[in-house]
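Hello,

Here is the structure I promised to pass on to you. Have a look at it first, and then read my notes below.

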Amino acid sequence: MKSEYPTIIIGSGPTGLSAAYHLDEDYLILERDSRIGGLNKSVYIDGFTFDYAGHIMFTGDDYARAIFDRLLTDPKTGAKNVHYQARQAWCYQKGVHTLYPFQANTYGLPQEIVQECIVGLARAYLKNGDRPVSDYANFHEWMWGTYGDGICKHFMDPYNRKLWKIDLREMSHEWLSGRVPMPAIEEIILGAIRPGKADMGPNAYFGYPLRGGYQALVDGWVHLLGQDAIDSIRTDSEVVEVDLKNRSVRCANGDEWGYRRLVTTMPLPELVRRIRNCPSDVRAAGESLRHTSIQCVFIGSRPNRMEHYHWIYYPEPEVFFHRIFVQGNASPFNQPEGCSNYIAEISYYGKPVPKDEAIERTIESMIRVGRLHPDDEILVADMVLMPYAYVIPQHHKDAAVQLIKEFLQQHDVITIGRFGEWSYYNTDHAILAGKRAAEMVKELREREKPARTTVPLAPLGRKAAEDSVALAATGKV
Ligand SMILES: Cc1cc2nc3c(=O)[nH]c(=O)nc-3n(C[C@H](O)[C@H](O)[C@H](O)COP(=O)(O)OP(=O)(O)OC[C@H]3O[C@@H](n4cnc5c(N)ncnc54)[C@H](O)[C@@H]3O)c2cc1C
């Protein structure tokens, strides 16, 4: 006999945890992994802390900022487990480190490359002027039409092909706004003739937990939700079938659970594959969505060679990874004294490079780009996979997602989060998405109201309502 919950939440990443926090009714979270936290988890090995790829905190939203603050504030002492830093993001090509973003910081590169970049920019500008992003048919056209041959050839094209693993013409340009710095032509020219500016783009100043890695945010959710909620989370519970007609889910471990409303954060293509008797157009929409995966190679080494970098982009195809997150500079507590702590991020589509080979090629490339020396002591070398990392903004994506969402809504299923909405969400967006899901649950319940006896509802949900007074008093973190 299966138990029934008012709301079941699939997935315990920041979206699922935030949904639970904002709900004002009983819930059950089903998580397929043996640990909660989704992509916000960290791994602890021999005194080193590694995140699932480079993760920092930044947001333009006051509510999300207040939640970040709350998650990293000790409820007993009020001490804050966070520190803020000015970003040190760099690009490395032709043996030279240049500031990020590449296009506004070519100063220091060999003269013929700077020349190619500026002449290409001038030609593109003469042809296209300040043509708005929305005028371009796709990402590839925007890039070449805006920045010209040199900048695209030496950084933007090889880097983006290395990351996205797809013909860049198949990508729309809609995801760019607010994510990719778009320096004006004057800034690009100035950045070629004198040392550039480090503070462009939305994450020029960022927060990071002092202790515990990015996982400290997940630990913060556990504190906020309290023991009752922890009893409402089942790990090792992969949902393998969703029965919309009978409002139940079945897990790989054999458990079955009934629900009145379902909040799901699992990747959309997987969800539609697991829906019993899913209509063929909905299934086809799910199957049409593409994403890239990331393998993260963790390297802990001695001595400390991290210098001042937070992360470095590597466009050149002969370098194995596309980015290194210098995890040790995010917090000095991420590694033992005198050591370096790096995460190499390697994008893949389909099958990852096997672990031993990936580690060997990472070390080789790190020596090549100067992050390691051949006689450095390697203390930790490990790898994790992130099978779902970046959703690809294909031209038809929004229409496909809309079709799936509308179908699910008819069955009181809310699909939400980075992979539930198939959108380029950061953690702050995930927090807000969870809140939105809780509000949608409340609306669904309101609609059912005439049939049941109800009690007045708290505005935000039990836990969130208890916290709301203090939250409102929170200033900027
Ligand atoms: C390389 C990379 C770097 C990033 N850097 C940053 C950064 O610097 N700053 C930032 O703010 N954000 C960053 N992000 C984004 C951030 O990680 C995500 O926005 C956030 O994790 C999304 O949360 P989510 O809960 O929607 O999804 P997830 O974190 O993916 O959580 C979904 C959960 O659902 C579970 N699940 C899936 N299928 C099932 C199933 N069938 N049954 C049960 N459980 C299931 C998964 O195991 C997972 O735990 C980065 C992401 C990537 C990929």
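The shell around the ligand draws at least two residues from each of helix H1 (14–22), strand S17 (377–391) and helix H12 (427–448); helices (H or I, at least four residues) and strands (E, at least two) are DSSP runs, numbered from the N terminus. This is a predicted model, in which local features need pLDDT of at least 70 and side-chain atom pairs count only at pLDDT 80 or more, while totals for chains, interfaces and linings use all residues. Residues are numbered from 1 along each chain as its sequence is written.

There are 34 residues around the ligand, and Gly11, Gly13, Gly38, Gly417 and Thr427 come nearest (a residue is near if its C-beta atom, placed from the backbone, lies within 6 Å). The ligand lies between domain 1 (4–85 + 208–289 + 394–446) and domain 3 (291–391), because both give residues to its shell; the domain bounds come from an automatic or database domain assignment.

Next, a loop residue. Aspartate 26 sits between H1 and strand S2 (27–30). Its C-alpha atom is 6.6 Å from that of tyrosine 5, 21 residues away along the chain.

Tyrosine 44 has threonine 49 in S4 as its bridge partner. Two residues separate the strands, and aspartate 46 in the turn has a positive phi of about 45 degrees.

Enjoy exploring!

Technical notes: Pairing = 2+ DSSP bridges.
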